[in-house]
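This report describes one protein chain for a reader who is new to structures. Please keep the model open while reading.

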Amino acid sequence: MTTERRAETAAERDAIWERRLDAPHDVWAVFLQARTRDPHVHVGDVHAPDAEMALVVAKENYTRRDPCVNLWVVRADEIHATTASAVHMFDSATDKSYRFGGSYRKQQQVYGSAWRLSHRDEDQ
C-alpha cells in the first residue's frame, strides 16, 4: 500500500510540469526596454501595493542611469514556470544538427582539424 502511494505521488509529481512562483503578493517583476526595437529584459523586482506604484518605483530604481523607452511590471506571484522535473520537455525530439550553419563537408573539415590539433598537442 505504501509503495503504491509512493508510486502515485511520483507519477503525480512528474505530471505537474508547471508551478506558480512563490513570491509575496506585493512583489512586482520589472522588465525594461532600452530602445524601441530591443526586447524587454528582466532587471529586478520592486515592492509596491499596486501596479501604478510599482511603475513609479521601477522608474526611480532602474531608469536613472540606463536608457529606457518602456517599462513592464508583472505581479511576481502571477508568473508561472516549468518545474525542474519537466526538464525533459525541452529535449529535442530529433537530431536537428542540419540546422547549424555550414555544410556537412565543412563540419567534417572542422572536426578533422580539431582532431588533428588535439593529437598534435599530445605528440609534443
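Which residue in strand 4 is the bridge partner of Val30? The bridge partner of Val30 is Val73. Strand 4 covers residues 70-75, and strand 2 covers residues 27-33. These two strands pair in the antiparallel sense over six bridges; two strands count as paired if DSSP finds at least two bridges between them.

The structure is a predicted model, in which local features need pLDDT of at least 70 and side-chain atom pairs count only at pLDDT 80 or more, while totals for chains, interfaces and linings use all residues. Residues are numbered from 1 along each chain as its sequence is written, and side-chain values use heavy atoms, with hydrogens and water left out.

**The chain as a whole**

The protein chain has three helices and five strands, in the order α-β-β-β-α-β-β-α from the N terminus. Helices (H or I, at least four residues) and strands (E, at least two) are DSSP runs, numbered from the N terminus. Of the 124 residues, 16% are buried. Buried means under 20% relative accessible area, exposed over 50%, and partly exposed in between (1.4 Å probe, protein chains only).

Strand 4 has a covered face with Leu71, Val73 and Arg75, and an uncovered face with Asn70, Trp72 and Val74.

Asp77 lies in the loop between strand 4 and strand 5. Asp77 is buried but has no salt bridge, that is, a side-chain nitrogen of Lys or Arg within 4 Å of a carboxyl oxygen of Asp or Glu. The nearest side chain of opposite charge is Arg75, 4.6 Å away; Lys and Arg count as positive and Asp and Glu as negative, with His and the chain ends not counted. Leaving aside neighbours within four places in sequence, Asp77 is in contact (heavy atoms within 4.5 Å) with Arg20, Leu21, Ala23 and His25.

| Residue | Relative accessibility |
|---|---|
| Ala15 | 54% |
| Phe90 | 56% |

Ala15 counts as exposed because its relative accessibility is 54%. Ala15 is found in helix 1, residues 2-15. The C-alpha atoms of Ala15 and Ser85 are separated by 9.1 Å, with the two residues 70 apart along the chain.

Phe90 counts as exposed because its relative accessibility is 56%. Phe90 sits in the loop between strand 5 (80-82) and helix 3 (104-123).
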